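Hello,

Here is the structure you asked for. My notes on it follow below.

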Amino acid sequence: MTSGRSDRSPVVLENVTVNYGTHQALRDISVTFPEGAVGLLGPNGAGKSTLIKALLGLLRPAGGVMHVLGHDVAAAPLAIRAHVGYMPEHDTHIPGMNGVSFVAYCGELSGLPRADAMQRAHEVLFYVGLGEARYRNVETYSTGMKQRIKLAQALVHDPDLLLLDEPTNGMDPKGREEMLVLIRDVADRISVVLSSHVLPDVDFACDHVVVLHKGTVATHGPIAALKGDSTRVFELRVKGDERPFVEALREVGIESHDESGDVIRVFVPADRPAQLLFEVAARQGVQVRHFRASVPSLEDVFARALGT
Amino acid sequence: MPIHEQGYRRYAGERRVRDRSWSVIARAGILERLRERRFLALMLVAWLLFGVRAVQLYLGTTIVRASFFAPSDETFHSFLNQQRIFVFFITIYAGAGLIASDRQANALQLYLSKPITRRDYIAGKLATLAAFLITVTWVPAMLLLALQVLFSGSLEFVSSHPRLVPAITVTSLLQVALASMTMLALSSLSRSRRFAAMAYALVTIFAGAVERVLQTATGAAGWVLLSPQNTLLVVSDALFGVEPEIPVTIALIAVVSLMAICVAVLERRVRAVDVVA
């Protein structure tokens, strides 16, 4: 993912630094996004939305070079925006318009002829599941419908790259699943960057992930590779002082993190026997009360990247 | 039974970066306003005075005994001055929400994530309001002039009043530009169209009242600069050949300065991302 710049890569960042007022939101990041669906993960304040806004040319980097779809963001922001669809995080619409007028208007603003924009608006509204509600004023839409229409306006001009900022925010489970299926379907045809702090969403919809933490790239790569097929994951519950036990595990090359409550997830490298866990526990005087094999998850990737 | 592709379909038609994106914004803004009956009623009322003036012109040019109705420069000057009240109401009605409503709906980042510039956005919004204001200032004034030619059957009046067409045009344009830019700047300062409307009313009415009080109390004509509308009146007086209260250059500088402040406000406030330093 980082090895060299591919001409087909939709997004290439080289030593990019973005300041948000006095706050340094992105610090000297270099990463290349491959084609397909890429998840942009990170806790709140990690710099995900800032990166998306910088890619659109809405924020000017203090340093570095950004290429989107082969264009330099600093030199050709309008050309980029003509070929990029952006779904903002927050609730947004054009006041006083119904669904189809709103989406067609966005199509026209993106460069489609008026008649084509209207035809395409009907098409994408049906695609996102708002066909029946397309003549209703957008202000009367529910939260889930507003998320769908934001996706529709981002798709109306048929972009080559779709930037989605927290697309499932506020949606009920069914709506959330439908939205992710739509994103998966779109990603089969155009490149998608899905910014989210909801790990299962990224796990479902994306093949690659870039994890941001405090304005830097904590880790990145294909999700399957990052999950580490060669690493075995176990869930442990112990009786006794956890802290020296976890420290002792680290000393023998076994990483771990607290998942919730008293459950510890441990990552045993392929070259180490699982028996080692019990030996360390015995040395530290803690009892293993629960031991279960698990499978690597994106949560593990995230937690290890953030060092939590 | 037909089978339809239900997945995402790509667009095969034409796509281009527009050089007149502002016109898309302006057209949408104008159409939205024209769908409102109350606004159409307001526009209709704004043309009532035109009807009265048209009758006056007809009588003045065709009936000898009604020659006191005969048109002069002052006829058009006073017509434009009287239209100021409609300029005020239309500016508030059609202009207060132009940016404030977009800010309230977080629409700015939506607009600016499209291939349009901030300049396109502002130009589109300005054009929306300016189109309505020109419809109640320059258009009826020029139409009155055309009616005068029609009723008299000659171009004699126009040729004997050579300053009339430029005076009508410049006065109308200044009136429209000042009202549009002031309203747009005030609209960009808030997420509430009510706030923008009240702020504009304050600038227009309150400043005028304060100016009158101070001028009466001190006798100094310079207080006129406190009121943008009355300062514009000074420029208008000069254009129509009426002796202005203060030097027209000063009034013109004041008007242009106010417009420059409005541009600076818009430049600062119309952004997709609010950066708090």
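In chain A, strand β1 (residues 11-20) runs antiparallel to β2(A) and is joined to it by 7 bridges. Strands here are DSSP runs of E with at least two residues, helices are runs of H or I with at least four, and both are numbered from the N terminus; two strands pair if DSSP finds at least two bridges between them. Across this pair, V18(A) stands opposite L26(A) of β2(A).

This is a predicted model, in which local features need pLDDT of at least 70, side-chain atom pairs count only at pLDDT 80 or more, and totals for chains, interfaces and linings use all residues. Residues are numbered from 1 along each chain as its sequence is written, while chains are lettered from A and ligands numbered from 1 in the order in which they are written.

The open sheet has 4 strands in chain A, in the order β2-β1-β4-β5, with antiparallel pairing. Its edge strands, β2 (23-33) and β5 (71-72) of chain A, each pair on one side only.

Further along is helix α10 (residues 275-284) of chain A, where L277(A), V280(A) and A281(A) are buried (20 or more other C-beta atoms within 10 Å of the residue's own; exposed means 12 or fewer, partly exposed in between; C-beta atoms are placed from the backbone). Seen down the axis of α10(A), the buried residues fall within an arc of 100°, so they line one face of the helix; the arc is that of the directions from the helix axis to the C-beta atoms. On the other side of α10(A), Q275(A), E279(A), A282(A) and R283(A) are exposed. Just after α10(A), G285(A) has a positive phi of about 70°.

Regards
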